[in-house]
Amino acid sequence: MQFIREPKNFEEENWAYLSIGYHNGKAVLKDEAGDLYYMECEEEAAPIGTVVSEGADIKSIGELSEEERIEILQIYQKE
């Protein structure tokens with residue numbers, strides 16, 4: 001997994017996801033558009049506020065069971 005890395009020679013790094021919480025063994029992530037994603041990891045690997053790069057194993061919450069997806073949406077999605 002790749003989390004934080006300093007850019008070299010003024011290159012720009014793609015930081016698309018921010019860790020906003022942790023739910024049942026998964027870090028809950030949000031992109032700039034406000035869409036929710038998850039990454040299976042230990043809580044210490046992506047604490048709240050950690051910026052996660054595009055190269056990590058990130059999946060859409062749409063791939064979760066309906067029950068777990070609804071729980072995450074109720075907790076983390078702002079209307």
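What do S2 and S3 form, and which residue in the turn has a positive phi? Select both strands: S2 and S3 form a hairpin with four residues between them, and Gly 34 in the turn has a positive phi of about 95 degrees.

A quick note before moving on. You're looking at a predicted model, where local features need pLDDT of at least 70, side-chain atom pairs count only at pLDDT 80 or more, and totals for chains, interfaces and linings use all residues. Residues are numbered from 1 along each chain as its sequence is written, and side-chain values use heavy atoms, leaving out hydrogens and water.

Now zoom out. The protein has one helix and five strands (DSSP runs: H or I of at least four residues for helices, E of at least two for strands, numbered from the N terminus). Along the sequence they follow the pattern β-β-β-β-β-α.

Back to S2 (residues 26-31): it pairs with S3 in the antiparallel sense over five bridges (strands pair if DSSP finds at least two bridges between them). Pick Lys 30, and you'll find its bridge partner in S3 is Leu 36.

Next, select S5 (residues 59-60), which runs antiparallel to S3 and is joined to it by two bridges. Here Tyr 38 stands opposite Lys 59.

Four of the five residues of S3 are buried, so S3 is largely enclosed by the rest of the structure (buried means under 20% relative accessible area, with a 1.4 Å probe and protein chains only).

Last stop: Thr 50, in the loop between S3 (36-40) and S4 (51-52). Thr 50 counts as buried because its relative accessibility is 13%. Its side chain reaches the backbone oxygen of Pro 47 at 2.7 Å.

Key: Buried means under 20% relative accessible area, exposed over 50%, partly exposed in between (1.4 Å probe, protein chains only). A polar contact is a pair of N or O atoms within 3.5 Å; within protein, one must be able to donate a hydrogen and the other to accept it, and residues adjacent in sequence count only if both atoms are side-chain atoms.
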